[in-house]
Amino acid sequence: MPIEVNGKTLETDEEGYLANLSDWSPEVAEAMAKADGQELTDAHWEVINFLREYYEEYQIAPAVRVLTKAIGKKLGADKGNSKYLYELFPYGPAKQACKYAGLPKPTGCV
Amino acid sequence: MSVKKFMYVNRKAPYGTIYALESLEVVLIGAAFEQDVSLAFVDDGVYQLMKGQDTSEVGMKNFSPTYNALGDYDVNKLYVEKESLEERGLTVDDLMPLTYEDENDDYKEKPSIRVVTSEELSAIMDEQDVVLSF
């Protein structure tokens with residue numbers, strides 16, 4: 001289902017992940033969140049930006065276990081735990097945050 | 001669930017066929033099941049770990065940076081066959097310096113790549129419960 005952002009139509013796969021990584025902009029994340037009835041706060045952006053950096057470095061979207069560990073290392077143990085991340089992204093931190101970040105669905109996610 | 005020893009054997013060059021990328025994806029997916037995972041690189045498979053890969057001319061994604069993420073997935077036993085390196089005029093210095101953090105040793109960074117002889121590798125293969133060849 002394609003999404004509309006700033007008057008442009010962007011292609012996505014059947015689960016709503018962007019088809020082309022290069023189509024991403026912060027407005028895309030905002031639009032996707034809005035469709036889910038969610039407001040993006042700085043705490044959300046911290047995770048989204050982290051994921052984009054992770055993808056840039058390793059060319060993959062990390063599995064949730066790896067994401068949790070890596071966030072803990074970078075942002076501190078109070079953020080590197082499932083409870084904190086699930087509160088921010090109730091549909092699953094890796095899945096939902098990766099989607100907002102314009103990344104493919106995490107490898108190993110079903 | 002008991003932990004089994006899984007080894008993924010990589011024999012093919014990284015590009016030109018889909019084997020190397022598929023193997024890597026299966027490894028990452030399999031890592032979620034918290035088994036004892038190791039990888040072996042033999043024959044042209046050793047090229048998968050080469051430094052400085054550039055795929056701009058071949059029209060395939062350069063997925064070599066993803067090998068650096070294996071440590072995060074607790075995959076930290078990458079056996080490279082010595083003979084395969086030598087036949088291709090390569091040494092371990094031509095390969096990416098892959099590392100992992102050892103949780104049992106104060107998160108010290110340690111190398112993931114271990115160069116082993118063909119004989120040592122077959123002994124390691126013998127210990128496996130499952131060997132998957134790509």
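**Around helix α3 of chain A**

Biologist: What covers the buried residues of α3(A)?

Modeller: The cover includes α2 (42-58), α4 (82-88) and α5 (93-100) of chain A. Helices here are DSSP runs (H or I, at least four residues), numbered from the N terminus, and a residue is buried if 20 or more other C-beta atoms, placed from the backbone, lie within 10 Å of its own. This is a predicted model, in which local features need pLDDT of at least 70 and side-chain atom pairs count only at pLDDT 80 or more, while totals for chains, interfaces and linings use all residues. Residues are numbered from 1 along each chain as its sequence is written, with chains lettered from A and ligands numbered from 1 in the order written.

Biologist: Which residues of α3(A) are buried?

Modeller: They are Val64(A), Val66(A), Leu67(A), Thr68(A) and Ile71(A).

Biologist: How far apart are the end C-alpha atoms of this helix?

Modeller: The expected span is 1.5 Å times one less than the number of residues; for the 12 residues of α3(A), 64-75, that gives 16 Å, and the end C-alpha atoms are 16 Å apart, which agrees. Just after the helix, Gly76(A) takes a positive phi of about 105°.

Biologist: Is Leu85(A) buried or exposed?

Modeller: Leu85(A), which has its place in helix α4 of chain A, is buried because 23 other C-beta atoms lie within 10 Å. Not counting residues up to four places away in sequence, Leu85(A) touches Val47(A), Thr68(A) and Pro93(A), where contact means C-beta atoms, placed from the backbone, within 7 Å.

Biologist: How many residues of chain B are in contact with chain A?

Modeller: On chain B there are 11, and they meet 12 residues of chain A.

Definitions and conventions: Contact = placed C-beta atoms within 7 Å. Helix = DSSP H or I, 4+ residues; strand = E, 2+ residues; numbered from the N terminus. Buried ≥ 20, exposed ≤ 12 C-beta atoms within 10 Å, placed from the backbone.
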